[in-house]
Structures are given as structure tokens and as C-alpha cells.
Amino acid sequence: MDSYQWLELEVAERVATIALNRPETLNALTDGLLKELTDAVKSVEKNPEVRVLVLTGRGRGFCSGQDLKSFQDSAGERDIGAHLDQFYHPLIRKLATLEKPTIAMINGVVAGAGMSLALACDLRVAAEGARFSQAFVRIGLVPDSGSTYFLPRLIGYSRALEMAMTGMMVDDQTALNWGLINRLVPKEQLEQETYSLARSLASGPPLALGMIKRGIAWGASHDLNDAMEREKDFQIEAARTEDHAEAVKAFFTKQVPQFRGR
Ligand code: T3D
């Protein structure tokens with residue numbers, strides 16, 4: 001898929017940006033948008049020029065979750081399991097396992113599966129005024145698309161339960177205090193701060209960054225012995241890269257290392 005109707009995909013300075021573009025619905029997710037988003041993430045994965053992905057939304061919302069129009073006439077009749085299998089699960093898996101750092105650039109309100117999307121990114125930079133809701137319960141549903149996995153790991157069991165059970169709106173400062181987001185910045189500095197972080201990651205060692213992502217995910221759900229074994233495997237692989245040799249050389253010659261992903 002080369003051009004998109006419901007999102008924008010741009011690449012500059014080794015950073016790809018995917019911007020959800022249904023601002024009139026706060027970027028609610030339709031089948032069309034979900035298909036395009038999955039396709040865009042796959043194209044980022046395949047593009048050797050891209051080292052970092054930024055995911056954001058156009059307008060005043062990041063993403064309001066599943067488009068509720070799909071429930072309007074057929075609540076209870078839709079095969080929601082098949083829909084999750086077909087649209088959400090492949091997308092969340094692809095985002096969470098992409099071997100490139102991902103940043104959710106959160107420009108506004110985040111709700112339902114929109115929050116799952118933000119949680120599936122590695123890092124979250126939010127603009128002041130952003131708000132977060134596990135809105136599922138408000139329409140009698142339960143958290144999906146990875147929220148039950150990511151949320152307790154990020155903010156702890158009790159806070160995750162509170163968000164999921166109440167659908168409460170969490171404000172920007174609370175989100176920062178809880179570790180739901182990594183950085184909170186003034187609205188007008190959102191792009192500058194996000195892209196400065198993205199470019200810094202894009203100048204890092206791509207192979208090591210991919211392994212760091214896999215290693216931390218592994219460590220979060222295994223015991224100490226398993227984690228150390230996995231770290232060792234990754235470290236053996238990382239120590240064999242040209243990037244490692246280049247960085248050690250650069251350290252002693254006091255140069256900035258140029259990482260090539262080899
Ligand atoms: O199908 C499956 O596979 C299941 C998957 C389910 C996953 C889910 O995501 S379920 C949860 C779905 N999302 C929600 O329930 C959130 C619904 N939206 C809201 O609660 C609120 O809009 C917000 C809290 C996000 C923001 O509130 P506010 O007051 O800032 O904005 P608003 O006025 O409510 O919304 C602005 C417009 O966006 C409005 O349209 P209008 O009246 O200007 O024409 C509103 O209808 C529309 N909109 C917002 N969210 C959605 C939406 N339209 C369709 N679907 C939405 N999710």
C-alpha cells in the first residue's frame with residue numbers, strides 16, 4: 001500500500017512518523033484505519049532507512065479507540081473476538097516486537113484501544129493537557145489489545161485495576177507520576193522534544209537497540225536466571241557487531257561513533 005487515506009506516513013532523518021488522521025473523531029479506529037496502520041508499521045519495519053518510529057494523532061486527540069459507530073447498530077452481535085484477532089492483535093504484536101524504538105507522541109486525549117496503542121510503544125512523550133482513559137468499562141467492555149498486559153507492568157497492579165474498573169480520566173501530571181508516560185512537555189514543545197529523543201535514538205546502535213527491546217521484554221516476564229541467560233545471548237551477539245568495535249575505537253579516539261547497524 002503506497003498511499004493512505006486515514007493516516008500520514010513520513011520519513012525524515014531516519015525517523016518515520018505515522019500520524020492517525022481522523023481528527024473529527026479524535027482518531028477513532030475503523031477497519032480501514034487499522035488496516036492502513038498495520039501496513040504502515042510493516043513498511044517502517046522493512047525500510048532500512050528508518051531507525052525509529054514516532055506514532056501520533058492529528059488534531060486534538062491521539063486516539064479515541066475503536067470507532068463506536070461499529071457498535072451502534074450491532075452491539076452484542078459483532079464477532080468481536082474475530083475482529084480483535086484480525087485487526088488489533090497483529091498490529092499490537094507488530095508494534096511491540098518491532099526491532100526499532102517506537103515513541104508515542106501523545107498530542108491529546110487517549111482512550112480505549114487508543115491507549116493500548118500508546119502502551120505498545122516503547123516510550124511515551126505527552127503534551128500538557130493530554131488525558132488517558134481505559135474507557136472500555138464505560139461501554140460495558142473490558143480492556144483489550146494488550147492493555148491488561150502493558151498497563152500493570154507500567155503503572156502497577158492496583159493503579160491498573162483502578163483505571164480499568166473505573167474508566168477514570170487520568171490527567172497529564174498523574175500520568176507522569178505513575179510512569180504511564182516518560183516525559184511531559186509544553187504543547188508547543190511536543191514535536192521538538194519528541195524528535196530530539198527520536199534522533200538521538202536514531203543515532204544509536206540499531207542492532208543493540210533491537211536486542212535491548214527484546215531483552216527488557218523478556219526480563220519483565222522471566223525469573224533472574226532466565227533473564228541473565230537471555231542477556232548473555234544478546235551480549236554475545238552485540239559484542240560481535242562492527243558497531244561495538246566502532247564505539248570502543250571512538251571512545252579512545254574521542255570521536256562520536258557512527259553506528260551502521262552491522
Ligand atoms: O471492535 C473491537 O475489536 C473491540 C475493540 C474495542 C476497543 C475500544 O477501544 S472500546 C473503547 C472505545 N472508545 C471509547 O469508548 C471512547 C469514546 N470517546 C470518549 O469517551 C470521548 O470522546 C473522549 C473521552 C475520548 C474525549 O472526550 P471529549 O469531550 O474531549 O470529545 P467528544 O466531544 O466526546 O468527541 C469529539 C468527537 O469525536 C465527537 O463527535 P461530534 O459530536 O463532534 O460529531 C465524538 O462522537 C467523536 N468520537 C470520540 N470518540 C469516538 C468518536 N467517534 C467514534 N468513535 C469513538 N471512539
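1. Domain 1 puts 13 residues into the contact and domain 2 puts in nine residues, where contact means heavy atoms within 4.5 Å.

2. Basis. This is a predicted model: local features need pLDDT of at least 70, side-chain atom pairs count only at pLDDT 80 or more, and totals for chains, interfaces and linings use all residues. Residues are numbered from 1 along each chain as its sequence is written, and side-chain values use heavy atoms, with hydrogens and water left out.

3. Interface area. The size of an interface is often given as the accessible area lost when the parts come together. Between domain 1 and domain 2 the buried area is about 670 Å². Carbon and sulfur atoms give 50% of that area. Buried area is the accessible area (1.4 Å probe) that two parts lose on being put together, summed over both.

4. Polar links across the interface. Two salt bridges are counted between domain 1 and domain 2. A salt bridge is a side-chain nitrogen of Lys or Arg within 4 Å of a carboxyl oxygen of Asp or Glu. Five residue pairs, both at pLDDT 80 or more, are in polar contact between the two domains. A polar contact is a pair of N or O atoms within 3.5 Å; within protein, one must be able to donate a hydrogen and the other to accept it, and residues adjacent in sequence count only if both atoms are side-chain atoms.

5. The domain 1 side. Helix H3 (80-97) and helix H5 (147-155) each supply at least two residues of the side of domain 1 that touches domain 2. H3 gives the most, with three residues. Helices (H or I, at least four residues) and strands (E, at least two) are DSSP runs, numbered from the N terminus.

6. Salt bridges in the structure. The structure holds seven salt bridges. In one, the side chains of arginine 22 and aspartate 67 meet at 2.9 Å, N to O. This pair links distant parts of the chain, 45 residues apart. Arginine 22 sits in the loop between E2 and helix H1 (31-46). Aspartate 67 sits in the loop between strand E4 (61-63) and helix H2 (69-72). Glutamate 99 and arginine 214 also meet in a salt bridge (2.5 Å, N to O).

7. Strands E1 (residues 7-12) and E2 (residues 15-20) run antiparallel, joined by six bridges; strands pair if DSSP finds at least two bridges between them. Leucine 9 stands opposite isoleucine 18 in E2. Two residues lie between the strands of this hairpin, and glutamate 13 in the turn has a positive phi of about 50°.
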